[in-house]
Amino acid sequence: MHDLKALRNDPTGFDAALARRGLEPVAMMLVEEDEQRRAALAELQEAQSQRKKIARDIGQAKRQGQDTTEIEARGGALREQISLLEARANTIQQRIQEILECLPNQLDPSVPEGRDENDNVVVHQKGTVPSFDFTPKQHFELGEALGLMDFAAAGKLAGSRFVVLRGALARLERALGQFMLDTHAGEFGYQEMTVPLLVNDDAMYGTDKLPKFAEDSFKTEDGRWLIPTGEVPLTATVMKEILDAERLPVRMTTLSSCFRSEAGSAGRDVRGMLRQHQFTKCELVSVVAPEESDAEHERMTRAAETVLERLGLPFRRVLLCAGDTGFGAAKTFDLEAWLPGQQAWREVSSCSNTRDFQARRMNARYRGENGPAFVHTLNGSGLAVGRVMIALMEVYQNEQGQITVPEVLRPYMGGLEQIG
């Protein structure tokens, strides 16, 4: 959510920020709407003041035995005027709110210009891209040949974009999630949490998933939402709170199922586990004082990179350009792992600094030196378990279709060194 006062003070700068995302200017229209709202409120205040005076006049006239018919008539007309002014101010306020809540966050100055993912900037690349003396298979070819990845059974149960994992692959998914949690909680100070997988409108709205992205999530008949990411319940734990400054930074992590409708992705990644309606993700969330958010963004991204380094997976960090940065983010780093089967880099994590964008929507503040101020919130995948498993299967495959288990995961796998 945007600060309307800041918009009024610099409408040109606000529109310039929108232009970086390819959006049309709206600042002057919002300023004009706000001026009409403020004029209606001024009239309302004057009418309410007159109504109080009329009430006093009626009381005084009755005490003196005078006829109050004319005064009461004026009071009735004034009540009707007040009702109309209140409705007008509320209608204008609602129009302003509906526009503001659908406008994306302002981008950090360091975000490069660009229209889409082709204009993103590679910050660095780590690990060696493997070479094979055979044609590497894609993860679903490996999994199905092993009899441990079953899309047909999942389709019978739930339809497309689901999978049934069996045996060692099911355990590998669990091992990856536990390894990620242990790393982030044990070494980087994130508090492990178990959170609801169903949340209300306030939690979704506060984390910028509503109203713009309602179609991307699943809603239950009783009005709750299946979480599209663990970011939603973790971040919303500070909703409507005023935190003591000493509590900051708040760092939280969870391993949860996530659910997305994948609206608009028809025909994309239809085979395999890359784009699922249900998937497992280890989420990282930080709540910090504003002056700490840039450093926290780097710290969070490094925590996610550490997991990939220890798994021995080649990856690169990418700074998203203006046209590819998500709605709520001021700045985002993506981590992309190399998939030999696809011969492509694919995202396994996004780490975003939203600044005070979410905090304003959910009224999350802390007690600063000059009184309550909005916190900054950050979120990142630490990592997407299914996508990391895809990279691991493809990087660690051999010509016989077996998969070597990385050493760091073997304690979680009962000592198993190879799948297949």
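A: Start with Glu-296, which is buried at a relative accessible area of 4%. Bear in mind that this is a predicted model.

Q: What does Glu-296 meet in a salt bridge?
A: The side chain of Arg-251, at 2.8 Å from N to O. Arg-251 is in strand E8 (residues 250–259) and Glu-296 in helix H10 (residues 293–311), so the pair links distant parts of the chain, 45 residues apart.

Q: How many salt bridges are there in the whole structure?
A: A search finds 29. One of them joins Lys-209 and Glu-231, with the closest N and O atoms 3.0 Å apart. Lys-209 lies in the loop between helix H8 (201–206) and strand E6 (225–226), and Glu-231 in helix H9 (residues 231–236), so this pair ties together parts 22 residues apart in sequence.

Q: Are Lys-209 and Glu-231 buried or exposed?
A: Both Lys-209 and Glu-231 are buried.

Q: Which residues are linked with them in a network of salt bridges?
A: The network consists of Lys-126, Glu-298, Arg-302, Glu-305, Glu-309 and Arg-317.

Q: Switching to strands. How many residues of E11 are buried?
A: Nine of nine, over residues 331–339. Lys-331, Phe-333, Leu-335, Ala-337 and Leu-339 point one way, while Thr-332, Asp-334, Glu-336 and Trp-338 point the other.

Q: Which strands does E11 pair with?
A: Strand E10 (residues 315–319) pairs with E11 in the antiparallel sense over five bridges, and Phe-315 stands opposite Ala-337. Strand E12 (residues 344–353) also runs antiparallel to E11, joined by nine bridges. There, Ser-352 is the bridge partner of Thr-332.

Q: What sits between E11 and E12?
A: Four residues, and the two strands form a hairpin. Gln-343 in the turn has a positive phi of about 55°.

Q: Last topic, the surface. Which residues form the positive patch?
A: Arg-51, Lys-52, Arg-56 and Arg-79. Helix H3 (residues 27–63) gives the largest share, three residues. Lys-52 is in H3 and counts as exposed at 58% relative accessibility.

Notes:
Residues are numbered from 1 along each chain as its sequence is written. This is a predicted model: local features need pLDDT of at least 70, side-chain atom pairs count only at pLDDT 80 or more; totals for chains, interfaces and linings use all residues. Side-chain values use heavy atoms; hydrogens and water are left out. Patches are made of residues with over 30% relative accessible area and no salt bridge: like charges are joined within 9 Å, nonpolar side chains (Val, Leu, Ile, Met, Phe, Trp, Tyr) within 5 Å. Accessible areas come from the Shrake-Rupley method with a 1.4 Å probe; for residues, only the protein chains shown count as cover. A salt bridge is a side-chain nitrogen of Lys or Arg within 4 Å of a carboxyl oxygen of Asp or Glu. Lys and Arg count as positive and Asp and Glu as negative; His and the chain ends are not counted. The place of a charge is taken as NZ of Lys, CZ of Arg, CG of Asp or CD of Glu. Buried means under 20% relative accessible area, exposed over 50%, partly exposed in between (1.4 Å probe, protein chains only). Two strands pair if DSSP finds at least two bridges between them.
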